[in-house]
Amino acid sequence: MKADLLTMSTPDGPFTIIAQHGAVLSSGWTADPAELTGQIHPSLLPAELAMVTDLGDISAAVDAFYNDEPALAMAVPVRQQSGPFRTHAWDVLRLVSPGAPVTYSEYAALAGNPKAVRAAAGACAFNAAALFVPCHRVIRTDGSMGGFRWGIAVKERLLAREAA
């Protein structure tokens, strides 16, 4: 099956999206699609990528995010597949308000299992749809950034933009 591929310019660098049937399969701050395809569950992995110039509502949501309207990105459909906890945790992550990051412990509690801090961190680490599933909104208990696949500097800028 084929999927669409688009790289957009953003203040945080190139942002590439792989989408299929109007839903994001993978996205991140890179110009190299190979950095995104490895995050897509094998059952969803497209056989072919077709470069496009626009992804409609998906492109509009990225533009809106960078124009101080981060909520639109949460309305974009996302297709990710994993086990029950991780899938639920990704859905919960989309409910974390811009400008109000949560700690990994708080995220685990929001996902329904306060003791599952490592599993919650794993949901962030294996999130393929950066920005649309805002794993950048999860920080360490001490207030430090923790990890971020696209770099701590990008995470800091995203959080600063949302806090403004």
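This is a predicted model: local features need pLDDT of at least 70, side-chain atom pairs count only at pLDDT 80 or more; totals for chains, interfaces and linings use all residues.
Local features are given for residues with pLDDT of at least 70, side-chain atom pairs count only at pLDDT 80 or more, and totals for chains, interfaces and linings use all residues. Residues are numbered from 1 along each chain as its sequence is written, and side-chain values use heavy atoms, with hydrogens and water left out.

**Domains and their interface**

The protein is divided into domain 1 (2-75) and domain 2 (84-163), with bounds taken from an automatic or database domain assignment. Contact between them, meaning heavy atoms within 4.5 Å, takes 24 residues from domain 1 and 20 residues from domain 2. The table lists values for this pair of domains.

| Property of the domain 1 and domain 2 pair | Value |
|---|---|
| Distance between C-alpha centres | 19 Å |
| Area buried between domain 1 and domain 2 | about 1900 Å² |
| Share of that area on carbon and sulfur atoms | 63% |
| Salt bridges between domain 1 and domain 2 | two |

Buried area is the accessible area (1.4 Å probe) that two parts lose on being put together, summed over both. Trp 29, Gln 39 and Met 74 supply 38% of the area that domain 1 buries against domain 2, more than any other three residues. A salt bridge requires a side-chain nitrogen of Lys or Arg within 4 Å of a carboxyl oxygen of Asp or Glu. Asp 12 and Arg 157 form such a pair, their closest N and O atoms being 2.7 Å apart.

**The nonpolar core**

The largest nonpolar core has 47 residues. Such a core is a set of buried Ala, Val, Leu, Ile, Met, Phe, Trp, Tyr and Cys residues joined through side-chain atoms within 4.5 Å; buried means under 20% relative accessible area, exposed over 50%, and partly exposed in between (1.4 Å probe, protein chains only). Ile 17, Trp 29, Ile 58, Val 62, Leu 93, Tyr 107 and Phe 132 touch the most other members. Because domain 1 (2-75) and domain 2 (84-163) both give residues to this core, it lies between them. Leaving aside residues up to four places away in sequence, Ile 58 touches Ile 17, Ala 19, Gly 22, Ala 23, Val 24, Val 76 and Phe 132.

**Met 145**

Met 145 lies in the loop between strand 6 (138-139) and helix 6; helices (H or I, at least four residues) and strands (E, at least two) are DSSP runs, numbered from the N terminus. Its relative accessibility is 18%, so Met 145 counts as buried. Beyond four places in sequence, Met 145 touches residues including Tyr 104, Ile 152 and Leu 159. Met 145 and Leu 159 are 14 residues apart in sequence and 9.7 Å apart in space, C-alpha to C-alpha.
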